[in-house]
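Please look over the sequence and the model shown here before reading on. The report that follows takes up a few features in turn.

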Amino acid sequence: MSNALTRRPELYTTYAQDMALLDTPAKRNSVAALAVAALTVPWLVVDPVLFLFAQGFALAIGAIGLNLVTGYAGQVSLGHAFFVAVGAYTAAALTGDTDTRFVGFGLQLVVGLPVAGLVAGLAGFVISPLASRLRGLYLAIVTLGLVFLGEHLWKEWRSLTGGLGAGRPGVVADVGGFRFDQPGEVFGVLMSSQQKMYYLCFALLVVFAVLARNLARSAVGRAFGAIRDRDVAAEVLGVPLAKYKSIAFTVSSAYAGIAGSLLYTLTSVIEPASFNLLMSVQYIAMILIGGVATISGSIAGAMFLGFLPFVTRQAPALFPWISTDPALRDGGFINVFQLEAILYGALIVAFLVLQPRGLFGLWVKVRNYWKGWPFSY
Amino acid sequence: MAVVTPAGAGAGPVLEFSDVVLRFAGVTAIDRVSFTVDPGELFAIIGPNGAGKTSIFNVLSGVYAPEAGSVSFLGTDIVGHKPHAIAAMGMARTFQNIELFENLTVIDNLMLGRHRHIRYGWLSAMAWLGPARTQELASRRAIEEIIDFLEIEQYRKYPVGLLPYGVQKRVELGRALAMEPRLLLLDEPVAGMNLEETEDMARFILDIREELEIPIVLVEHDMGLVMDLADRVLCLDFGKPLTTGKPSDVQQHPDVIAAYLGGGSAVDVAASDAAADDEAAGGRGEPTAGTHDRPAETKGTR
Ligand SMILES: Nc1ncnc2c1ncn2[C@@H]1O[C@H](COP(=O)(O)OP(=O)(O)OP(=O)(O)O)[C@@H](O)[C@H]1O
Ligand SMILES: [Mg+2]
């Protein structure tokens, strides 16, 4: 009997098995393989590429956050860049040197990172009542206003941000004297800062992805879906809309805050002008390209967009009409930054029209194709 | 199946609907309607299209606020309460035009019905330890009993949007049952169903009432069903109550016959079989006898 059951791994005998996160052997195996691959990458690729990975992981945390509020709960937010900024500045101020002209408290990253998440989450909680009053396009526009408000605030609050064009030093990744942002020996092995940061970002991504996945499969995640699809029916089932929209915004913003603090651990300067509409649009692009209302899609989308500049920066070598100079002094037709912006737009449109479920949907198609092979359906 | 103890058996009525008035621009959808529902009772509301039946449900579940009158559920005045607060007290409902979450699976739809029993917060959910895990498993066990009861085992993991209409109607009933309600409101549970599906549904309604002892308010155009199942019937016309009483008496009531005939309907209510069961044709006065067309699936409740 037990033999017969073990030979049918997709037959569940308890509800706990049926509800498990990694419910099939295929999922368990592929996650294990991915984990092994992810752990070996730092020893296989060069530092600049490693940086892109680490940045991709940090972006993925932010993308998961946006997907919770926009993908799962259906509340379109263009304000994500604002919460990323709140997190970045909170962490930078908390971990920054006490004796520079910028606000700095000289605290450890173990304090800076969680508090950045908390402060950003709190900001999300404060603006969440807007979401229970507005919906759809109106909410999108109001959250967009948040980005403009933020841009002004960051420009003026010089002691915190350094002001336009100058910026302030990024987040200091110091944990009990162990510097993630500097090369050094770990258990007798010399590691570059990129290798260390890679592992830090990877570990945090795993933690936050699992937390988000748990939230999504819980009663809270179901309530998000109910609000997104039919809000009247949700209310009549006993789901208070305002409460769940507020939870969605709070958690989403906290994720943005964590992402912000990690991102500026990787880069040494925080430029206030970077928290603009384009940044919000990039996060939207990540979840649309990766897959709406999926955690793995958020990660895929973030990695995809994180590596996009790497690809476009190679373009000038191949096509002389693409310029590396923002002012096009070398006679190019467009510069790489414009090329990137155009690609974001083109990719969003292409995915929305051709593959609304994003990379995740594409993957499901491929998987089903191979499951059914050699039959096409 | 998780059995609900009948709401304070022996105590007063489960529901008291007194002198309620609801107006929309130009129409009085509910015009001084009063009725009560007793513990364990199956109370039916009938009336031609546009009589105000669905509007009564919307007042009950807090979607519309009445202009006058009072509504008392389990002894509490619920006028002005938010729909989610009323649901949390144990009022469950199905909709005339199915309001399921099409993208979610049958399991998730039913699990949503359990929402009022969930006692863990989002932090616990993220950690998936202790309360979240135990309560999710308990909910799952509870909805599996409902899945068994409604004989929808084979559809468990399908997004409900892909399921046939008759099955969707069942899933929606299941979602309401998952709430372990203390009062169940059914808005045209057999509309658009064929004979076999109708008989299945009638069997489920009877079982809910007899085994689970949940009081039910039933709105239905299928006179045969109403006559067979209901303890008492209220007939409305243009928002006004015509009469309330035993099914056989209501059926014979001259005002009731006039309301149906006066509307130009070709159906004789007294001929107690599947009468006027089609509201898809829309307007009052459409000859509707005998047709079982499925109502065009429209979104939105009202
Ligand atoms: N949201 C609304 N706005 C305006 N008028 C409404 C609204 N909801 C209902 N009505 C009107 O109130 C009256 C009663 O409608 P209601 O839906 O309650 O009828 P019903 O008895 O359920 O009819 P049916 O048998 O067709 O379902 C109708 O005249 C309808 O047009
Ligand atoms: Mg109706």
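## An aromatic cluster in chain A

Which residues form one aromatic cluster? In this predicted model, the cluster is made up of F53(A), F57(A), Y198(A), Y199(A), F202(A), F307(A) and F310(A).

## Aromatic pairs

Over all chains, the structure holds 20 aromatic pairs. In one of them, the ring centres of Y89(A) and W154(A) are 5.0 Å apart and the planes stand at 40°, so this pair counts as tilted. Because Y89(A) belongs to helix 5 (residues 80–95) of chain A and W154(A) to helix 7 (residues 136–156) of chain A, the pair ties together parts that are 65 residues apart in sequence. Y89(A) and W154(A) are both buried.

A tilted pair is also formed in chain B by F149(B) and F204(B), with 5.8 Å from centre to centre and 55° between the planes. This pair links distant parts of the chain, since F149(B) lies in helix 5 (residues 130–149) of chain B and F204(B) in helix 7 (residues 195–211) of chain B, 55 residues apart. Buried residues are those under 20% relative accessible area; F149(B), with a relative accessible area of 16%, is therefore buried, and F204(B), with 1%, is buried as well.

## Charges over rings

The charged end of K196(A) sits over the ring of F178(A), at 4.5 Å from the ring centre.

## A helix crossing in chain A

Helix 6 (residues 109–133) of chain A and helix 12 (residues 241–266) of chain A have axes that come within 6 Å and cross at roughly 145°, and the crossing of helix 6 of chain A past helix 12 of chain A is right-handed. On the side of helix 6 of chain A, the contact includes L113(A), A116(A), G117(A), A120(A) and G121(A), while helix 12 of chain A contributes residues among them K245(A), F249(A), S253(A), G257(A) and L262(A). The residues of this contact divide into 11 nonpolar, 10 polar and 1 charged.

## Chain B as a whole

The secondary structure of chain B comes to 10 helices and 10 strands. Chain B has 302 residues, of which 55% count as buried. Among the contacts in chain B with a separation of 6 or more, 68% are accounted for by residues 24 or more positions apart.

Methods
Residues numbered from 1 in each chain as written. Chains lettered and ligands numbered in written order. Predicted model: local features only at pLDDT ≥ 70, side-chain atom pairs only at ≥ 80, totals over all residues. Heavy atoms only, no water. Phe/Tyr/Trp six-rings, centres within 6.5 Å; stacked < 30°, edge-to-face > 60°. Helix = DSSP H or I, 4+ residues; strand = E, 2+ residues; numbered from the N terminus. Buried < 20%, exposed > 50% of the residue type's maximum accessible area, 1.4 Å probe, protein only. Lys NZ or Arg CZ within 6 Å of the ring centre and 35° of its normal. Axes fitted to C-alpha atoms, helices over the stretch in contact; angles between N-to-C directions. Left-handed = near helix turned anticlockwise from the far one by under 90°. Contact = heavy atoms within 4.5 Å. Nonpolar A, V, L, I, M, F, W, Y, C, P; charged D, E, K, R; others polar.
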